[in-house]
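Dear colleague,

I am passing on the model that we talked about, with some notes below it. Please look through the structure before you read them.

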Amino acid sequence: MNNLRDINDDLLKDWLLFRENEISSLSCDKDKKHWVYFDEISKSILNSIPKQNRAFVQKQLNVLDDNFMDYIGYRNEKYYRNGFVDGIQLLCGCIEE
């Protein structure tokens, strides 16, 4: 069996991407309540600062958004994958004995 902790283009990664797309569809009120409305928040911030600072602040908000999305992807890969792998290894250990 492959080492399941290795990050490859595999079924688990495809599932994580599917879940990300499913969650971002905001299909229920609970999802909408806990969504990060980054565009709306950014717009509010940009509208409250002087025009001469908007380009800089917009650039920094874009960096923050990219960094946040990278972190979420990393966290999901790390914790979902490791939890899945731990569960599979636990099951395999029970079957082998």
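How far is the sulfur of Cys92 from the closest cysteine sulfur? The distance is 9.3 Å, to the sulfur of Cys94, and this is too far for a bond, since a disulfide is a pair of cysteine sulfur atoms within 2.5 Å. The structure accordingly holds zero disulfides, and Cys94 is in none. Cys92 counts as partly exposed at 25% relative accessibility, whereas Cys94, at 54%, counts as exposed; here buried means under 20% relative accessible area, exposed over 50%, and partly exposed in between, with a 1.4 Å probe and protein chains only.

A word on the source: this is a predicted model, in which local features need pLDDT of at least 70 and side-chain atom pairs count only at pLDDT 80 or more, while totals for chains, interfaces and linings use all residues. Residues are numbered from 1 along each chain as its sequence is written, and side-chain values use heavy atoms, with hydrogens and water left out.

Helices are DSSP runs (H or I, at least four residues), numbered from the N terminus. Helix H4, residues 51-96, has 46 residues and reaches 67 Å from its first C-alpha to its last, close to the 68 Å expected at 1.5 Å a residue, a span taken as 1.5 Å times one less than the number of residues. Its buried residues are Val57, Leu61, Asn76, Glu77, Arg81 and Val85.

In helix H3, residues 38-47, the buried residues are Phe38, Ser42 and Leu46. They lie on the same side of H3, because they cover an arc of only 65 degrees around the axis, judged by the directions from the helix axis to the C-beta atoms.

Best wishes

How values were computed
Helices (H or I, at least four residues) and strands (E, at least two) are DSSP runs, numbered from the N terminus.
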